[in-house]
Amino acid sequence: MSRHGAAAEASRLDRRIDALNEARELAAGALPEDVLDGVLQVLHRAGTRRSLSADHTVVGFFGATGSGKSSLFNAVSGEEIATAAVRRPTTSEPLAGIWGAEGSEELLDWLEVRNRHHAAPVPGFADEGTGLILLDLPDFDSTRAANREIVERMVGLVDVLVWVLDPQKYADAAVHNDFLTPLAAHGAVTLVVLNQVDRLPGRDVPPVLESLKAILARDGLGKVQVIGASAVVGSGVDKVRAAIGQVARQRQAQSQRLGADVTRASARLAEASGDGEAAGVTAASKARLAEELAFAANVPLVVEAVVRSYRLEATRRTGWPVTRWLVRFRPDPLRRLNLRREGAKPELNRTSLPPAGAPERARTDAAVREFADAASDGAPGPWRAVIRSAAREGRDQLPDALDQAIAATDLKAGGTSWWWTVFNVVQWIALLAALGGFAWLGVLAALGYLQLPVPEVPLVQGWPVPTVMIAGGVLLGIVLAVLAKFIAGGAARARGAAARKRLRASVAAVAEDLVVEPVELEVSRLGSFNKALRAAR
């Protein structure tokens, strides 16, 4: 691959790693911790490996007891490294054959490989400029737990995996179920060698290889290169060298391996999450939630109090002056609810509305649940639970927050209407006219009683003016009082509608803060997670 192509591949891997990390962070609290921890380990490994030598390709030889893994390792290396390394105490210690020692120390330290052998150049395969490290690893089926731990660790660290199988145990479920199947995404950096083919009759080698390929295909590794070889007679060793040498010269194994790790980690996240996008929050669902919360918060009761309070005040201001004083004995509905608060600080005020009982709480819970269900529709199981949980978190705060919102809403209860003044003036004029008539007649009666001359009373259409004044004043006062009631009724309903609108806006603001925004945040988090996961995969 050209230098430009390698740079592009590295840049693409950077983006995928960043996307995987973003998906992991977004999934915190939604997906199981063990899955997120596994992804974090992949990210840590990727970061560490990329900080070490990019000029070296690490190839691990994995195999079961008796597979001839070490013999094949020696054959590929061109010398008896596995038996000549005098510092290797037991076969449980990883052994490295190194071509290109410069820059390999820190990489081998990270791999925890202490036994290192600087191998001699092998023409056509590797020399000091190749940057190749071959690892002979313990048997993965060893009875020693430490050996298996080393193998499992190395499976996650090396750049290229060479699985050495033998004709007797090539179908062993242990290697396929425990190692090969989980690494199905790593086909580009996996090589399978059927060793010891010299023990098979020549006619049996192709069928056995085909059988092995079929098993690998079931493992998800149908495109993996399978080579038949014999470390004893040397057949197939050149093919193994050619395959490893080609990967080492391209120097893309590290990126391919890390890319496969990212793919596998992304698949685990996708499996844990599930597919789907949340329906999200709609204007209709928000309106429905606000409506239900308004009912549970006694908004209809407050609106009715606004209507009655206006009517009461209108009667006190525009009623017949002779009887309007009786209205003072009727309590103001808004004052009884502690909602008529001249001079009070709204943010510190509380209403005297009846506390939410079981029916109101049930209605609130049902409204929040219905809203969360609608918003989470289509979301995968874990995210649906997260969205519902976000909606429930603010549920306990709703009663107090709604009460405070209602108390802080300006109901315009202290406002007056222009027509009150007009009616009030006319009412007093009518009353004064009636009182003037009574006074006139009283004077006339007193003069007559005292046997004094009684002046003639002016007539209007044959009716004495004082009588007309009395009748007209009383009748006008009563008519104005009745008319004012009709006008006050319509105005009260209009004021109630305006109060209802303001109260619902206050309730909607509480719902937005405690329920809608947390739900929208989780819905957005799911969308961002899916987007990041697609980029990582």
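## Arg-49 in helix H2

Arg-49 sits in helix H2, which spans residues 33–51. Helices here are DSSP runs of H or I with at least four residues, strands are E runs of at least two, and both are numbered from the N terminus. The model is predicted: local features need pLDDT of at least 70, side-chain atom pairs count only at pLDDT 80 or more, and totals for chains, interfaces and linings use all residues. Residues are numbered from 1 along each chain as its sequence is written, and side-chain values use heavy atoms, with hydrogens and water left out.

Is Arg-49 buried or exposed? Arg-49 counts as buried because its relative accessibility is 2%. Buried means under 20% relative accessible area, exposed means over 50%, and partly exposed lies in between (1.4 Å probe, protein chains only).

## What Arg-49 touches

Leaving aside residues up to four places away in sequence, Arg-49 touches His-56, Val-58, Leu-107, Trp-110, Asp-159, Gln-254 and Leu-258. Contact means heavy atoms within 4.5 Å. With His-56, a polar atom of the Arg-49 side chain lies 3.0 Å from the backbone oxygen.

Asp-159 is a salt-bridge partner of Arg-49, with the closest N and O atoms 2.8 Å apart. Arg-49 belongs to helix H2 and Asp-159 to the loop between helix H6 (145–155) and strand E5 (160–165), so the pair ties together parts 110 residues apart in sequence. Both Arg-49 and Asp-159 are buried.

The rule asks for a side-chain nitrogen of Lys or Arg within 4 Å of a carboxyl oxygen of Asp or Glu.

Glu-370 pairs with Arg-288 in a salt bridge, the closest N and O atoms being 3.9 Å apart. Glu-370 is in helix H14 (residues 358–376) and Arg-288 in helix H11 (residues 283–296), so this bridge ties together parts 82 residues apart in sequence. Glu-370 counts as partly exposed at 41% relative accessibility. Arg-288 is also partly exposed, at 37%.

Asp-373 forms a salt bridge with Arg-388, with 2.9 Å between the closest N and O atoms. Asp-373 lies in H14 and Arg-388 in helix H15 (residues 381–393), so the pair ties together parts 15 residues apart in sequence. Salt bridges that share partners join Arg-288, Glu-292, Arg-363 and Glu-370 into one network.

## Helix H3

Helix H3 (residues 69–77) is mostly covered, with 7 of its 9 residues buried. Among them are Leu-72, Phe-73 and Val-76. Gly-78 follows H3 and has a positive phi, near 85°.

Note on methods: A polar contact is a pair of N or O atoms within 3.5 Å; within protein, one must be able to donate a hydrogen and the other to accept it, and residues adjacent in sequence count only if both atoms are side-chain atoms.
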